[in-house]
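Have the sequence and the coordinates open as you read.

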Amino acid sequence: MFRYRGLCCLWICALIIVVAGPTMAQNQLPPPVDRTGSIEARKKVLAAQAEQTRAQGALTQTVVKLRTDFEAGSDWQTAQAALKQSQADYDAARKPIIEAVKRRQDYQRAEVEKAKSDKELAELRANNVIGDPILKVVNKKADAAAEMTKIETDALNAEPKVVEARKKFQEAAAQVATLKRQFDASVPADAGWQEARKAADTAQEQVVAANKEVTTALAREADAEKSRQEQIRQSRKRY
């Protein structure tokens, strides 16, 4: 009787060891990798990006204000008014000359040739023709267009009023361009712009640094997870 009981006890103990073995092994597994570093680093990236957006917006607004103040100035207003008036005067001087040119036979012949070339090109392309036939028609069209332009240009250059009006328009356009260049060159010298530019640059640097921190944290965590998995494999070999 006692021998039977002893055997039963031994059998139960063995069963407990077999069942408990995996559980003991599981309880001895290394803890999960702490990913706080990458989580916090990502938060820094988001914060840095938000600051970069704000700083860039402030820089843009600074430029907008500078431009608004510049364009409200008398020099710009005067130059713009002169440009507008000279454009109107030039257009008015050109109009009767162009209308007379379009009634000339040589101009109309060139115009007809250009229209014929357009039609031929459309037909060739519709028939999927390529190569020399297309090139030949393209050249004909270009020659006709060049002839039309030459007739117009010669007629306009022959009229003193048009030449004078064009000169004034070109001078007005040049003055506007000069003022614009002067404004563009003055922006970096403005104290407010310099401060906003510095803030935008700093924000950009913070974004770069935060992204590097994320990369470093992820690499560190990946190494830790690799080590953890190796520990788990070694632990399982023992059971």
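Which residues are buried in H7? They are Trp 193, Ala 196, Ala 200, Ala 203, Val 207, Ala 210, Val 214, Ala 217, Glu 221, Arg 228, Ile 232 and Ser 235, where buried means under 20% relative accessible area with a 1.4 Å probe and protein chains only. An α-helix has 3.6 residues a turn, so residues three or four places apart point the same way.

Before going on, a word on the source: this is a predicted model, in which local features need pLDDT of at least 70 and side-chain atom pairs count only at pLDDT 80 or more, while totals for chains, interfaces and linings use all residues. Residues are numbered from 1 along each chain as its sequence is written, and side-chain values use heavy atoms, leaving out hydrogens and water.

Helix H7 covers residues 191-237, a helix here being a DSSP run of H or I with at least four residues, numbered from the N terminus. Its 47 residues reach 69 Å from first C-alpha to last, close to the 69 Å expected at 1.5 Å a residue. At its start, a side-chain oxygen of Asp 190 comes to within 3.0 Å of the backbone nitrogen of Gly 192.

Now turn to H3, residues 74-101. A kink of about 30° sits at Lys 95, shortly before the proline Pro 96; the bend is the angle between axes fitted to the seven residues ending there and the seven starting there. The buried residues of H3, including Trp 76 and Tyr 90, pack against helices H2, H4, H5 and H6.

Helix H4 also holds Ser 117, which counts as buried because its relative accessibility is 0%.

Definitions and conventions. Helix = DSSP H or I, 4+ residues; strand = E, 2+ residues; numbered from the N terminus. Expected span 1.5 Å × (residues − 1). Buried < 20%, exposed > 50% of the residue type's maximum accessible area, 1.4 Å probe, protein only. Contact = heavy atoms within 4.5 Å. Polar contact = N/O pair within 3.5 Å; in protein donor to acceptor, adjacent residues only side chain to side chain.
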